[in-house]
Amino acid sequence: MRRERGPTRSRGSFSWLLMMVDSETILSPREPRGFGPGPNRTGGPWWGHLWKALATVSLWCTCLLGTGSPALSVALPEVWPPKILLPVPVAMATGRLGVEETLGALNLALGAGGPVWFKETRARHLRARDFLAPRRALQARFKDGQVPEAVVHAVLRLQGSGVAPVLRCEATPSGLALQLQRNAVFQRVLSSVAAYTAPAAPAAPAAPATRGPRVLLHCPSLRAAPCTLRLCQLRAVLVADHLARALHIQGVSVSLVPAVRDPDMSTLLQQLWVDWPSASAPASTEALWSRALAEFTSADDKGALPPGVLGSVCLKELLEGRGRLAGYDPNLDNCLVTEDLLSVLAELQAAVQHWPDNCSPGLAAAPDAGVDSCMVVHVVSYEEEFQQQKLDLLWWKLDDGAPLRQKHVVCGPVKVAGVPSTLTALEYYELRHAQVCKASALKHGRDLAKDPAWTETFRVLSVATIKFEMLSKTPQSQLLVALAESISTKGTKSGTFVMYNCARLATLFEGYKHSVEQGLYPAFPPVSSLDFSLLREEVCKFLVQLSMDFSSYYNRVHILTEPRPHLFGQMFARLQLLRAVCEVLHTGLAMLGLPPLSYI
């Protein structure tokens with residue numbers, strides 16, 4: 001860590017807080033080819049940019065979109081087949097500034113017609129504007145593209161819950177450019193960072209029977225033996241864990257299946273910071289066994305069935321009868337029923353019928369909510385997809401109470417350059433851990449792997465490397481892992497880089513605290529007294545981008561100044577800014593199930 005020394009001259013406009021991400025991404029079924037509906041598989045760009053839409057947000061999005069967490073709210077339509085809407089934090093009517101409210105007010109000021117304004121995100125444009133109504137869009141709305149003065153005045157007078165205050169609105173060659181009263185925005189946001197980064201509390205339900213959406217999250221890969229868990233299965237486990245956190249933090253009632261019974265698997269999950277329930281005994285299959293006996297095809301010859309198979313059930317007629325053939329594999333026909341398959345169905349059935357009380361932060365479904373309020377999301381590896389389609393149909397065949405809304409998130413193959421495909425998840429973790437220890441030894445000049453003080457740090461860094469690697473691409477796409485690449489805090493796309501910058505922030509605030517104890521700096525004043533007009537530097541987009549921009553900002557701007565009273569005002573404003581950055585990083589890491597580090 002570098003030593004903080006002396007003030008620096010500010011350059012440019014401080015506009016980092018005014019970045020935003022896409023306000024909504026829809027995961028909807030596609031055609032039955034590749035990654036399509038087939039039992040309503042979910043896809044789309046939401047999975048495409050982990051740091052952009054799923055695990056991370058820009059601080060502007062965090063602060064001004066209302067919920068403040070890089071989590072995703074979920075709306076579950078009642079029609080079949082459904083869409084899962086997973087927008088980034090949506091602005092709530094809580095008095096906090098919001099991009100959505102501001103955009104809504106701006107479009108309303110232009111009169112009748114579709115939305116025109118958009119939030120500016122490019123750094124070079126942010127020096128002069130925060131929102132823009134493009135010239136071509138205005139030409140379509142107004143004669144010759146000339147916006148009436150009355151409309152401009154209405155824009156300048158915008159106000160309302162969540163609407164950011166406007167400084168100026170003027171015509172430019174690009175269109176109608178608008179700039180906010182940035183000092184007022186910074187004051188509102190940075191004066192109450194915790195209120196913006198905390199997830200918004202869900203609204204109280206109108207009636208007990210309509211409480212919250214319920215999502216049963218099913219990850220078949222967790223039934224594998226931990227010593228044979230393949231990388232594609234590990235990818236599915238990490239996606240399921242991350243999706244569970246994203247839903248849970250938004251108040252969605254989530255139940256996780258299967259409960260892990262193998263103690264070695266529980267140990268591996270704890271090692272990977274995956275929070276998943278465990279159980280000691282399987283669910284009873286008696287009811288399903290009775291129904292299966294009645295459904296077995298009469299043509300079955302018990303002598304011709306493979307060992308362990310109880311019978312065969314025809315699935316094609318179910319597809320054709322319900323009109324759900326689109327999206328399913330056309331080769332689906334008969335399903336060979338085994339005791340293990342009935343055990344899986346029994347666990348899913350029990351999870352739907354007996355919803356756990358502790359599955360959501362204060363938003364459990366009513367006991368009589370019924371299966372109609374439940375959606376099942378199967379997170380499967382590409383190898384498990386065909387079998388999971390059979391399982392869906394068999395569940396409908398044997399259980400009249402099976403949820404009709406079932407979706408698949410299919411995780412594609414994981415290829416490792418120069419390594420046999422037999423590499424297991426445990427071997428992968430051990431290799432990454434060894435690389436982290438080696439990188440530390442090179443940096444510090446000694447082997448710290450056996451130092452108890454560093455044991456947990458190395459484990460967290462190893463898991464961060466794995467999670468950022470495994471979640472870096474859309475789940476359905478092939479992932480290429482380069483194990484030969486060394487682990488470094490300088491790699492700007494790695495989990496260790498994000499962790500390194502978290503540690504930088506911790507060191508910065510620890511340094512300030514130590515200087516206060518020595519009497520070099522005064523205690524931190526009330527935030528309401530800070531002058532945020534002193535902030536004139538640019539910083540930040542998303543979790544990895546945020547780390548990159550913070551690193552650049554930290555290397556360029558001296559935060560902890562010399563202990564001179566005339567420098568304290570700027571120092572306090574910058575410390576409060578970086579406190580907000582720290583909150584965003586910590587919240588984003590929490591969505592990945594990773595604890596922040598205070599040193600590396």
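Helices (H or I, at least four residues) and strands (E, at least two) are DSSP runs numbered from the N terminus. The model is predicted, so to speak with some care: local features need pLDDT of at least 70, side-chain atom pairs count only at pLDDT 80 or more, and totals for chains, interfaces and linings use all residues. Residues are numbered from 1 along each chain as its sequence is written, and side-chain values use heavy atoms, leaving out hydrogens and water.

Just beyond α3, G111 adopts a positive phi of about 95°.

Turning to the sheet, four strands are arranged in the order β8-β7-β11-β12, forming an open sheet with parallel pairing (two strands pair if DSSP finds at least two bridges between them). From one strand to the next, the twist averages 20°; axes are lines fitted to C-alpha atoms, for helices over the stretch in contact, and angles run from 0 to 180 degrees between N-to-C directions. Strand β7 (residues 214–218) joins β8 through five bridges in the parallel sense, with R214 opposite S253 of β8.

Two helices accompany these strands. Helix α13 (residues 339–353) packs on the sheet and touches β7, β8 and β11 (374–381), contact meaning heavy atoms within 4.5 Å; the direction of α13 makes about 160° with that of β7. Helix α14 (residues 385–398) lies across β7, β11 and β12, and runs at about 170° to β12.
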